[in-house]
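Please look over the chain below before reading on. The briefing then goes through its fold, pocket, cores and selected residues.

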Amino acid sequence: MGPLQPGERFHSGSRTDNLYWQLARRQATWLLNPLWRLSGAMVLRSARGDPQRFTQGMSRRLPEADRLTTQRMLGRPGAQAALIEDLRESYRQGTTVMVADLLRYTRPWGFRLDQVTTTVHLWHGEQDPKVPITAARQLAAGLPHCHTHFGPGGHLMACDHAREILTTVTSAFEQA
């Protein structure tokens, strides 16, 4: 996702995410930080109990495309434990960095996208409710050497295309 333009309206697929975006636009870190901490504490608390119940509940709350991806991923040996450990690690050092990332999208980045001279590969799920496909198309249109990989899937689409993504990245390094 690229930086939002001043006055650009952005709506994700959830009320909670939309609230976070509105607060980020207003630079309301005094409220964003405690909300992220509360959210993280709730996630971690529920992950401490029965891992099977946690992942099933998490999966049920996802949009269909992401639910299917999650079910495929969780069917692999060790995936459930890895997911829970990843969640723990993502909140281990607090949520200040998560808030800072959100704020970065609401401000200019200090350069124009048309100044990016390197090739960029952009993967994006067409059913992504968190970052709508229109945002990805807008980003791609601003990058002069952008190769888009739009396809079925949601926010977790990259998980279904990891091999293709890694092959593309590896090829780019080998050609450099």
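What follows is a short briefing, grouped by topic.

This is a predicted model, in which local features need pLDDT of at least 70, side-chain atom pairs count only at pLDDT 80 or more, and totals for chains, interfaces and linings use all residues. Residues are numbered from 1 along each chain as its sequence is written, and side-chain values use heavy atoms, with hydrogens and water left out. The chain has nine helices and two strands; these are DSSP runs numbered from the N terminus, helices being H or I of at least four residues and strands E of at least two.

**Overall fold**

- From the N terminus, the order of elements is α-α-α-α-α-α-β-α-β-α-α.
- Along the principal axes, the C-alpha atoms fill a box of roughly 50 × 40 × 30 Å.
- The chain has 176 residues, and 34% of them are buried (buried is under 20% relative accessible area, exposed over 50%, partly exposed in between, with a 1.4 Å probe and protein chains only).
- Among contacts with a separation of 6 or more, 69% join residues 24 or more positions apart (contact means heavy atoms within 4.5 Å).

**Largest pocket**

- The largest pocket holds about 1,900 Å³ of space.
- Its lining has 43 residues, and the closest to its centre are Asp17, Trp36, Leu62, Lys130 and His155.
- A pocket here is an open set of points on a 1 Å grid over the protein atoms alone, where a 1.4 Å probe fits, with protein on both sides within 12 Å along at least five of seven lines; lining residues have an atom within 4 Å of a point.
- Grid points are joined across faces, edges and corners, and the volume is the space filled by probe spheres set on the points.
- Elements that each supply at least two lining residues include α1 (15–25), α2 (29–48), α3 (51–60) and β1 (120–125).
- By class, the lining of the largest pocket has 25 nonpolar, eleven polar and seven charged residues (Ala, Val, Leu, Ile, Met, Phe, Trp, Tyr, Cys and Pro count as nonpolar; Asp, Glu, Lys and Arg as charged; the others, Gly among them, as polar).

**Nonpolar cores**

- The largest nonpolar core has 17 residues, of which Leu32, Trp36 and Leu102 touch the most other members (a core is a set of buried Ala, Val, Leu, Ile, Met, Phe, Trp, Tyr and Cys residues joined through side-chain atoms within 4.5 Å).
- Helices α1, α2 and α6 each give this core at least two residues.
- Another core lies apart from it, with nine residues, among them Ala136, Leu139, Leu143 and Cys146.
- Leaving out residues up to four places away in sequence, Leu102 touches Tyr20, Trp21, Ala24, Leu32 and Trp36.

**Helix α6**

- Met98, Val99, Leu102 and Leu103 are the buried residues of α6.
- They lie on the same side of α6 because they cover an arc of only 140 degrees around the axis, taken from the directions from the helix axis to the C-beta atoms.
- Thr96 and Val97 are exposed on the other side of α6.
- The cover over the buried residues of α6 includes α1, α2 and α5.

**Selected residues**

- Gln27 lies in the loop between α1 and α2. Its phi is near 55 degrees, a positive value in a residue other than glycine. Most residues other than glycine have a negative phi.
- Gln27 counts as partly exposed, at 31% relative accessibility.
- Thr55 sits in helix α3 and is buried, with a relative accessible area of 3%. Beyond its neighbours within four places in sequence, Thr55 contacts Leu74, Gln80 and Leu83.
- Thr168 belongs to helix α9 (residues 162–175) and is buried at 17% relative accessible area.
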